[in-house]
Amino acid sequence: LLYCDGQDGSKAQVWFQDLSSTWSFIANSFTDYFRLMVLHLGLPRWQYAYTEVGLDPIAEQWFRFLAPERLAIDTEHATQAPGGLRGAGALKA
């Protein structure tokens, strides 16, 4: 995870770099990131819901077991949004 600060300190954002070295936008502030983490119950690899790769099978299994409603929401938004959640703001390193 990367927390970028603008020169004036007002443009802080949270980005996630997956194993393919692609950066994906997660949140506009650490507070927003923390809220997302709580919504996803802090499950391992939840950040991948916001990448082009998406959740891996093991993470999906954990979501089905502990947070099926969150998995449904993430899946729905990934398919409805143009470009989906996946790839929204993705940058290649």
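Predicted model: local features only at pLDDT ≥ 70, side-chain atom pairs only at ≥ 80, totals over all residues.
Buried here means under 20% relative accessible area, exposed means over 50%, and partly exposed is anything in between, with a 1.4 Å probe and protein chains only. Residues are numbered from 1 along each chain as its sequence is written, and side-chain values use heavy atoms, leaving out hydrogens and water.

**Overall layout**

- The protein has 3 helices and 4 strands, taken as DSSP runs (helices H or I, at least four residues; strands E, at least two) and numbered from the N terminus.
- Going along the sequence, the pattern reads β-β-β-α-α-α-β.
- Of its 93 residues, 32% count as buried.
- Take the contacts (heavy atoms within 4.5 Å) between residues at least 6 apart in sequence: 41% of them join residues at least 24 apart.
- The accessible surface comes to about 5900 Å², and 59% of that belongs to carbon and sulfur atoms; the areas come from the Shrake-Rupley method with a 1.4 Å probe, and for residues only the protein chains shown count as cover.

**Aromatic rings**

- Rings of Phe, Tyr and Trp (its six-membered ring) pair if their centres lie within 6.5 Å; planes under 30 degrees apart are stacked, over 60 edge-to-face, and the rest tilted.
- That rule gives 6 aromatic pairs.
- Phe30 and Tyr33 make a tilted pair, because their ring centres are 6.0 Å apart and their planes sit at 40°.
- Both residues belong to helix H1 (residues 30-39), 3 residues apart, or about one turn of the helix.
- Phe30 is partly exposed at 45% relative accessible area, whereas Tyr33 is buried at 7%.
- Trp46 and Tyr50 pair edge-to-face, with 6.2 Å from centre to centre and 90° between the planes.
- Trp46 is buried too, with 2% relative accessibility.
- Phe30, Tyr33, Phe34, Trp46 and Tyr50 come together as one aromatic cluster.

**Nonpolar surface patch**

- Leu41, Ile58, Trp62, Phe65 and Leu66 make a nonpolar surface patch of about 550 Å².
- Patch residues have over 30% relative accessible area and no salt bridge; nonpolar side chains (Val, Leu, Ile, Met, Phe, Trp, Tyr) are joined within 5 Å, like charges within 9 Å.
- A salt bridge is a side-chain nitrogen of Lys or Arg within 4 Å of a carboxyl oxygen of Asp or Glu.
- Trp62 sits in helix H2 (residues 57-66) and counts as partly exposed, at 43% relative accessibility.
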